[in-house]
Amino acid sequence: MARPLRLDGRSASTLNLIGGRLCLDFVNSVGARRFSSSHKMTIRDEKLNDYLDLLAWGRHAGALTNADAETLALESSQHPKKAAAVFHRAIRLREAMYHICHAKLSHKQPNEADLLVLNEEIRQARGAEQLVLEKAGFDWQWSTPDSAQGKVLWPVARSAAELLTQDDLSRLRQCGGDDCGWIFLDTSRNRGRRWCDMRDCGNVAKVRRFRHRLSAAH
């Protein structure tokens, strides 16, 4: 069987993984989220433009093994309509997760429609799990065929369920960068993390503050 290499070189496979949870890294699979004066959100530099981008991201983020990603890439060429349907589900899931997290950050109730989207993906993920006995004890394992095209979404949905039910959501943060909007879990001891990455948005803000002070001094 030919080994497809079409996942290599895609921008989705080079994204920084700063969310602290797989589901948050999935939410951050955009260049930036911009907000207008009326608080309307738009996406700049979409990283997931098709199913292969989704697989490239999944392999990069650890949601898929390399073998799984290659198998699913081949399956997508044979069943493009199924692959396209999974891709649209993925974007719907990502945006629902973003809105749920943003609602939490804004101290608001999540939209019921977003919860329905997430719950449907969690239901499918749980239906694909089985308990197995490993050398170190019991563990969860995916029980459906490796060729199941929605497989890339199952670890994301499971991660989202764990985030919302087990993590301390008071540590949820949104990057303070002017052109970012990425979301992350602040695991720092003093809960003082403000940026997705100090080398990126943090450094930009630092330079901007320096220039402002320099301008004010003249």
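Which helix gives the largest share of the lining of the second largest pocket? The largest share, five residues, comes from α6. The structure is a predicted model, in which local features need pLDDT of at least 70 and side-chain atom pairs count only at pLDDT 80 or more, while totals for chains, interfaces and linings use all residues. Residues are numbered from 1 along each chain as its sequence is written, and side-chain values use heavy atoms, with hydrogens and water left out.

The protein has seven helices and six strands. Helices (H or I, at least four residues) and strands (E, at least two) are DSSP runs, numbered from the N terminus. Along the sequence these elements follow the pattern α-β-β-α-α-α-α-β-β-α-β-β-α. Of the 218 residues, 44% count as buried, where buried means under 20% relative accessible area, exposed over 50% and partly exposed in between (1.4 Å probe, protein chains only). The accessible surface comes to about 12,500 Å², and 51% of this surface belongs to carbon and sulfur atoms; accessible areas come from the Shrake-Rupley method with a 1.4 Å probe, and for residues only the protein chains shown count as cover. A contact means heavy atoms within 4.5 Å. Among contacts between residues at least 6 apart in sequence, 59% join residues at least 24 apart.

Strand β3 (residues 129-134) pairs with strand β4 (residues 137-142) in the antiparallel sense, over six bridges. Two strands pair if DSSP finds at least two bridges between them. A hairpin of two residues joins β3 to β4, and L133 stands opposite F138 in β4.

Helix α4 (residues 80-105) contains R94. R94 counts as buried because its relative accessibility is 1%. Apart from its neighbours within four places in sequence, R94 is in contact with F26, V27, S29, V30, R33, I43, E46 and L48.

Pockets and cavities were located on a 1 Å grid over the protein atoms alone: a cavity is a set of points where a 1.4 Å probe fits but cannot get out, a pocket is an open set with protein on both sides within 12 Å along at least five of seven lines, and lining residues have an atom within 4 Å of a point. Grid points are joined across faces, edges and corners, and a volume is the space filled by probe spheres set on the points. For the classes of lining residues, Ala, Val, Leu, Ile, Met, Phe, Trp, Tyr, Cys and Pro count as nonpolar, Asp, Glu, Lys and Arg as charged, and the others, Gly among them, as polar.

The largest pocket has a volume of about 220 Å³. Its lining has 13 residues, of which H99, H102, A103, S106 and K108 lie nearest the centre. Helix α4 gives the most to this lining, with four residues. By class, the lining has five nonpolar, six polar and two charged residues.

The second largest pocket has a volume of about 180 Å³. Its lining residues include W140, R158 and E162. Helices α5 (112-127) and α6 (154-166) each supply at least two residues of this lining. The lining divides into four nonpolar, two polar and four charged residues.

The largest cavity has a volume of about 40 Å³. The residues that line this cavity are C23, M97, I100, C101, L118, A160, L163 and L164. By class, the lining of the cavity has eight nonpolar, no polar and no charged residues.
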